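Subject: Handover of a structure and summary of findings

Dear colleague,

Please find below the structure that I am handing over to you. My notes on what was found in it follow directly after.

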Amino acid sequence: MNRKILLILVCFITFANTLSAQLCFNLKLGKGTYEMDGLKDFNSKIINSLPVSAKVVDNFPKANYWDGSILYEYKKLYVGVNLSHHTTGSRISYIDYSGSLKYDQIVTSNSFGPIMKLNIKTNSKLKFYPYIGLNIINTKYRLDEELIVSNQHSSKSTDLDATSLLFNLGIETVYSFNWVGFGFYAGYSKNNQGKLYLDNEEAVLEDGDKVYTDWTGFRYGLSIFFEFDLKNCRKNNTIISE
Amino acid sequence: MKYIQLAILLFTLLACNEYNPQGDYDVEIRKPTNPPSTTFNLNDTDGPIIMCRTMDFTYSVSNPNNEIFLVEIYFNNSLAYTTTSTYGSFGINPQGYANGSYQLELKVYSKTKSGSLADKLNAEVYVTSKKWEVIVDKNFYPVQITSIKTGSGMLMITWDKYTKPDFSKYEFYRVHKGWTAKLYTITDPNITTKNDYTYMGGQSDYYIKTYNVSESKVSDTKSFVDSYPRIVDIGERYGMIKIFISKLKYYENFRYYVLYKDNTNDLYNRLGETHNVNDTVINTQSLAFGKTYKLILRIPDEDLTSFMTIGKASKTFSKAIATESLDYIFQMKDNHVYRYSISQKKAVDSLELLNANTDLFAASLNYMYLSFGNLSVLQLLNPLDFNQKTTFTSNDIFGDNSDNFKMVSISNNGIAAICGSKSFVVYDLFNKNIILKQDIVKTFVKISPDGKYLVDVGNSTVLYELNGTSLIEIKQWTEKLTLIDFNPKILNELIYYQPSESKINKMDCTSLSITQSTSASPKYPIAVDPITGLVLHDNPYQDEVGKRYDVSELGISYPLIHISAVDMNNFIFHNSTIYSSMGYSLKLTVPNK
């Protein structure tokens, strides 16, 4: 999947390079909250099936995520592609003198899709960009089970994946210093719940329920905004190389 | 362009980042320490188990607080059987094991119930075990006859017990004059004694054939030689002396009995004879004490001879009582109480009486206490040691110094029924406390050996059950029963003579069922033995020798006549022997059946 995204990215840059005068890179470092109701239910079922009273000690908390966009500026409108990377997880734990058991659910996703921003305050160094985007989100899910009793250790990992759509909406404010700007943003992402698959087979629990990932939640954080005049860049590069 | 490439590289690296869940839930659970107390049972034995062939073992294991979930059985340190059941059975085949001692171990796995993860996953268990010695002995040894003894009109043959579990049966054989008879087949290995009631004398060879489940083996032959039949009694009726001979049940070559006086075969001393095998009485004209009489059973090849001497009793008992299980008769004489040993034929202990008015009241029938006293003092003696005595005043028992002791009956557990001149008291001699007291006068009371029942004989007779501190009436007779006593060897059996029916009865006090004499019907009963039910009754016929007494047994006609020298009006029964207790008397031996 990452290769495909990279290929599309390279194509976009090449395309933008030939057409645009202004190319922007927007990198976001932020926190995201994730609903993950399906996986939380799954944790409850795991606990109920255990012979001891285990607890969920980590329950899909808000976690750091990364988001990068390449945008082409046309008048006040920025259009481009967006890539983002999210990860979160949970843990069921039980430890006593005789041993321990642990169930870790780790979900990691990479998403890719078009994004559009609108510069609503062009004549100032402080700029505001409402943005909207729609990403295809590919989720990797892994369940790590570990049981230690006395000196016996056993562990097992199960990998599944899911694909779904992620709709992003938010606003970003940036203060520009010449070609670089710093700012922060806040937004909300809505995910249409991705069914998990194991070897192309839909994952179904023993009781018949299906398990979903759901990346829906708020996003906020810091952003860095780079604006390049590509023609000048090429020129500059030529001068440097000469 | 380098910046773009750098950004792509950075993004790619960041895209590999993955969340690492954090945190642990640490639960505090106490580690179990003491293993449970487990009860093991294997074939109901702790001792060595003998195994001769494939053997079924029955086991059960339990512990009160823990849950057993696995039982393993190891034989000779190898796992032989595994089960999850706490009881059941398994078989072990000793084939492939040489004779010798092996170990069988029951190993029990039970949950600790600590609640820990390991406990829940059955990975934490208590292991307890018990070992038994198993002796593999595939050889087969027959049992051997150990002794042959004469009994009352029979032979008692005893042999070793077959102790191995593959027992099937014993067969008990007698060979007499080349003729073999199987006398018994015995399927209970614990029976190691049998009687030969048909032994008639001469040489008989006995052997036991022991069968296990697959084969049989014969013991060595053991021989026995004796002269039979025997003179069992001598009596007199209608002026004719009768010699009673043990009843022949079987004899193939019987010819006749012949009776001689003075151990001779002299024709002059020949008293009489009978040619009828079923006739066990020989009549003769004269008889004398101190003489020996010889009876010969004549058969073609040999004469079987037995002798009997008529003797006189050497001891007189006056004011005497006896305990059934002891060798002693206790009697009052010359202001002393004596302990007279029957076997030693002499007094072995004595104690001076309190005063001249002292009387002997009761002896508990087994071994407990002998009581005697005068009107105001009751003294208890240990029959085996006269130095052990306890004295009670009438105030101790009745709570009244003016009351007097009239009659006492003692149970084997020390409960005394005490009749006073004013009141009646049931008293615990061990704990020295009054169980009940009634301000009524009873004249004759007997308490059962276990202290549960009490019979009160007055104008009418009432049987009570002693329930705690009260008497519950369970049966009443409208007449005065006589010769009443409890059987000391059968629990709660009352023996009594019922004058209105001229019957001797045995009654179970629990069910009130009655066994009645069918043929004895004594008209003049004067004593009854509580153990055997033997009744001594006065015979109305008189002769120059003295009074005569019949002895009959409850339910069985036993018309033998004994001769007594003088009048006898008081008797002691002791181990089926009747002792007269008044004046000059004979020792009367109850004849064998």
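Contact, as used in this message, means heavy atoms within 4.5 Å. The model is a predicted one, in which local features need pLDDT of at least 70 and side-chain atom pairs count only at pLDDT 80 or more, while totals for chains, interfaces and linings use all residues. Residues are numbered from 1 along each chain as its sequence is written, chains are lettered from A and ligands numbered from 1 in the order in which they are written, and side-chain values use heavy atoms, with hydrogens and water left out.

The interface

I begin with the meeting of the two chains. Chain A brings 44 residues to the contact and chain B brings 32 residues. The size of an interface is often given as the accessible area lost when the parts come together. Here chain A and chain B bury about 3,100 Å² between them, 67% of it on carbon and sulfur atoms; buried area is the accessible area (1.4 Å probe) that two parts lose on being put together, summed over both. On the chain A side, Trp66(A), Ile95(A) and Tyr97(A) lose the most area to chain B, together 20% of what that side buries.

Across this interface there are 15 residue pairs in polar contact, both residues being at pLDDT 80 or more. A polar contact is a pair of N or O atoms within 3.5 Å; within protein, one must be able to donate a hydrogen and the other to accept it, and residues adjacent in sequence count only if both atoms are side-chain atoms. Of the elements of chain A, β4(A) gives the most to the side that touches chain B, with 12 residues. By class, that side has 21 nonpolar, 16 polar and 7 charged residues. In this classification Ala, Val, Leu, Ile, Met, Phe, Trp, Tyr, Cys and Pro count as nonpolar, Asp, Glu, Lys and Arg as charged, and the others, Gly among them, as polar. Helices (H or I, at least four residues) and strands (E, at least two) are DSSP runs, numbered from the N terminus.

Salt bridges

A salt bridge is a side-chain nitrogen of Lys or Arg within 4 Å of a carboxyl oxygen of Asp or Glu. The structure holds 18 of them over all chains, and 2 are found across the interface of chain A and chain B. In one salt bridge, Asp24(B) pairs with Arg91(A), the closest N and O atoms being 4.0 Å apart. Asp24(B) lies in the loop between α1 (2-15) and β1 (39-42) of chain B and Arg91(A) in strand β4 of chain A, so the pair joins two chains. Asp24(B) is exposed, at 52% relative accessibility, whereas Arg91(A) is buried, at 9%. Buried means under 20% relative accessible area, exposed over 50%, and partly exposed in between (1.4 Å probe, protein chains only). Arg91(A) and Asp24(B) are also linked with Asp104(A) in a network of salt bridges.

Within chain B, Lys169(B) forms a salt bridge with Glu171(B), with 3.2 Å between the closest N and O atoms. Lys169(B) is partly exposed at 23%, and Glu171(B) is buried at 3%. Asp400(B) and Lys422(B) form another salt bridge, at 3.5 Å. This pair links distant parts of the chain, 22 residues apart. Asp400(B) is partly exposed at 25%, as is Lys422(B) at 42%.

The cores

A nonpolar core is a set of buried Ala, Val, Leu, Ile, Met, Phe, Trp, Tyr and Cys residues joined through side-chain atoms within 4.5 Å. The largest has 42 residues, of which Leu39(A), Tyr94(A), Leu101(A), Tyr141(A) and Leu196(A) touch the most other members. The element that gives the most to this core is β6(A), with 6 residues. Apart from it lies another core, of 21 residues, including Ile73(B) and Val134(B).

Two buried polar residues

Thr128(B) lies in strand β8 (residues 125-136) of chain B and is buried, at 12% relative accessibility. Its side chain makes a polar contact of 3.1 Å with the side chain of Thr38(B). Asn168(A), in strand β7 of chain A, is buried with a relative accessible area of 12%. The side chains of Asn168(A) and Ser189(A) are joined by a polar contact of 2.7 Å.

Chain B overall

Chain B comprises 3 helices and 50 strands. Of its 593 residues, 49% are buried.

Yours sincerely
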